[in-house]
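Please look at the sequence and the structure that follow, and then read the short report below them.

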Amino acid sequence: MAARVAAGQTNTLPPRSGRSTWDIVRANVFTRINFLLMVLFIMVISTGALFNALFGVLIIFNSIIGMLQELKAKKTLDNLAVISEGKPRVRRDGRPVEIQRDEIVLDDIIEIGPGDQVVVDGEVVEASYLELDESLLTGESDAVDKEPGDELMSGSHVIAGVGAFRATKVGADSYAAQITAEANKFALTKSELQGGINFILKLITWLMVPVAAVTVWGQWTLGEGGWREVVLRISGALVPMVPEGLVLLTSLAFAAGVVRLSQQHVLVQELPAIEGLARVDVVCADKTGTLTENGMKFDRLVLLGAEGEEAVHEVLANLAASDPRPNASMQAVARAWDAPAKPEPWTVRALAPFTSAKKWSGASFDGHGDWVIGAPDVLAAGTSAAAQAEQIGAAGQRVLLLARSDMRVDDGGAPGHLALVALVVLDQRVRPEARDTLAYFEAQDVQVKVISGDNARSVGAVIGKLGLDGQDVVDARTLPSDSGAFADEVEAHHVFGRVTPQQKREMVAALQSKGHQVAMTGDGVNDVLAIKDSDLGVAMGSGAAATRAVAQIVLMDDDFSTLPSVVAEGRRVIGNIERVANFFLTKTLYSILLALFIAVRNFQLPFLPDWQVPFPFMPIHISMVGWFTIGIPACILAMAPNKERARHGFLGRVMRFGIPSAVIISITVFAAYLVVLPAGATPVQELQASTAALMTLLMGGSWVMITTSRPYQWWKIALLLFCVACIVVVYLLPVDPALGYGSACQLGEVGLGAFLAHGGQCFFWLDPTNPAMMGPGILFGLAAILGVEIVWWVDGLVSGKRRKVFALRKNPA
């Protein structure tokens with residue numbers, strides 16, 4: 001082993017979260033947005049107007065906050081993944097030991113059994129009725145028998161039997177490494193949300209390039225105030241076009257969601273799963289291990305034949321002892337009789353491992369016959385024993401049938417003709433938290449469908465204990481074969497028994513065909529296919545390794561009551577990102593439109609007055625708009641509670657509100673600027689006109705913030721009042737024209753006392769002392785408020801969503 005480690009023949013795999021530390025640093029520092037802001041930052045710094053370069057802080061802020069949050073999420077994911085992933089059993093020094101997956105070396109002998117995932121490629125060296133599911137690799141759901149010498153591919157999993165294989169490909173050479181690198185990346189992939197944001201960024205980029213070029217040309221040819229002022233006005237036009245906070249706050253919201261869920265012992269294996277959480281409207285739950293506890297307890301025997309109770313005990317004890325990987329039912333039997341009655345266990349000559357498809361297992365013993373144990377309504381359908389088992393199961397207990405067969409259990413015709421011997425009754429306990437969890441989903445308009453392989457009446461009895469309708473139970477064997485009728489039945493009913501693994505998969509597909517967003521929860525290997533095909537797969541932490549491997553969400557402590565928190569977190573993230581997207585799309589579009597209007601106005605057209613206008617705003621003006629109408633509220637709202645179920649059509653809703661709001665704001669700001677700016681204006685008049693136009697922009701931008709924050713709660717009202725108060729305070733700062741403006745106002749020249757007492761306009765480049773200009777600016781601002789308000793209400797009518805101004809206490813949004 002040491003030689004193989006030294007030679008690098010170890011199972012070194014990519015980071016569990018999919019990204020290395022350097023990947024995260026690079027993705028947060030070397031971005032197009034940071035590059036654009038850096039170029040503009042250098043341009044502004046070159047003018048000496050340092051206050052105007054405050055937007056450059058965004059470069060550092062975006063990078064540091066993004067890195068810290070993603071690194072924290074990465075560490076959390078990696079730590080939880082180590083706990084969650086199955087530990088392979090490897091033979092070391094002649095005995096099996098459990099190790100981490102990355103401690104496997106080439107030529108290791110790895111033992112496998114039901115529910116185990118094949119973690120590296122290899123060759124079978126031992127096989128006892130070994131059957132694998134390779135559907136994740138081939139798409140074929142039929143079990144594949146494996147014999148010594150057969151090849152195993154990582155990514156498959158064991159559904160029956162036991163065996164061992166030699167590792168032939170490890171690390172980057174194995175198939176597992178290739179699919180891990182692609183499937184488990186810490187990234188927003190194949191998500192409606194990310195697709196919408198990417199479209200917004202592309203749209204903005206295509207609009208920015210020509211508008212920026214025209215703006216630079218127009219302001220440069222105007223040339224008023226020297227090159228420094230021209231550079232500042234160009235930067236003032238271009239800086240707000242950059243959607244600097246959209247990507248940052250989206251990443252922060254997702255990463256914070258991962259960290260919050262991890263604190264509740266929830267492992268998010270794929271980041272888009274958080275988006276899926278918010279959109280789920282149907283939860284398909286497996287009964288065993290999800291609604292009931294994993295462990296069962298033997299209750300009693302019901303004898304059916306001539307064998308006495310002691311003889312039946314001995315048969316059951318030997319059946320349990322012969323099973324190398326017993327399921328929960330056989331474990332309960334084994335606990336009741338931890339050893340055969342006689343000193344020597346019976347010699348096994350054939351085994352038939354349990355599978356969810358056939359619903360029974362068995363063993364053939366030398367001199368003691370052939371025995372099977374399994375579902376009574378499968379092994380003895382239509383008999384009085386099956387009817388008796390059905391009656392017992394109606395109380396919520398699990399019932400197994402023990403029978404003697406007339407042929408070896410590994411025969412192709414098994415189980416053959418059966419002599420019924422006894423019913424084995426087991427108690428299964430309902431999870432105490434399940435009732436409240438199901439009630440939560442009902443209150444949130446999320447349907448819960450219980451899909452179980454157990455007897456239908458037994459499933460109904462358990463569901464009845466949880467407050468659901470236990471009478472509306474469908475035996476899946478009676479479902480129609482026609483896909484349309486099948487889908488109708490699955491949608492109409494809520495509890496299903498005797499469901500095969502393939503039917504679970506078909507039920508998920510049927511619900512998806514009806515337009516539902518489906519989550520599937522489970523813990524057994526029989527749930528793998530359905531979990532994989534669902535929109536959101538949820539596995540229990542104690543479940544089969546293969547189930548945990550394909551699920552996007554793993555409940556590490558097996559606590560079904562965690563699911564409401566998981567769903568609520570998804571809704572928080574998606575709903576708040578949509579709010580934030582409204583902020584940034586509106587801001588970017590009205591900046592582009594305003595720059596375009598100014599550029600068109602400066603062309604010498606015959607129907608326009610023969611004078612040109614400079615761009616109204618400096619970078620410090622844009623920084624103020626960004627702080628008080630976007631940055632501060634967006635950062636807080638991105639992390640706020642939000643219980644509204646996410647809907648499809650994210651991009652349409654954002655565009656439907658953002659585009660008309662941006663058009664209204666840009667038109668009112670442009671009109672206000674033209675109305676108040678006189679021809680041949682002096683520098684002071686230009687500054688006063690800019691101050692008035694900025695008031696219009698702040699009023700319109702603030703109303704976007706105010707409408708997007710609805711429905712109001714006390715903390716939202718406090719946040720909005722704080723932002724508005726900051727704007728008012730800035731406009732009330734004292735003004736002393738003797739200090740000069742912009743680069744003429746230097747701290748070292750005017751003295752600290754004068755700067756603190758009368759330096760408001762020095763920092764913010766404002767002069768609100770001209771009522772003749774401020775009056776129209778406020779009136780146009782009111783027009784912008786009215787326009788944005790109308791857009792908000794019309795958007796609600798178009799989307800069919802009832803608008804609420806104030807949130808109810810019992811259901812905050």
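In which sense do strand 9 and strand 16 pair, and over how many bridges? Strand 9 (residues 282-285) and strand 16 pair in the parallel sense, over 4 bridges, where pairing requires that DSSP finds at least two bridges between two strands, and where strands (E, at least two residues) and helices (H or I, at least four) are DSSP runs numbered from the N terminus. This is a predicted model, in which local features need pLDDT of at least 70 and side-chain atom pairs count only at pLDDT 80 or more, while totals for chains, interfaces and linings use all residues. Residues are numbered from 1 along each chain as its sequence is written, and side-chain values use heavy atoms, leaving out hydrogens and water.

The table gives one bridge pair for each pairing.

| Strands | Bridge partners |
|---|---|
| Strand 9 and strand 16 | V282 and Q447 |

R572, found in helix 21 (residues 563-601), is buried, with a relative accessible area of 17%; leaving aside neighbours within four places in sequence, R572 is in contact (heavy atoms within 4.5 Å) with R260, M639, A640, P641 and N642. L786, by contrast, is found in helix 29 (residues 771-799) and counts as exposed because its relative accessibility is 54%.

Technical notes:
Buried < 20%, exposed > 50% of the residue type's maximum accessible area, 1.4 Å probe, protein only.
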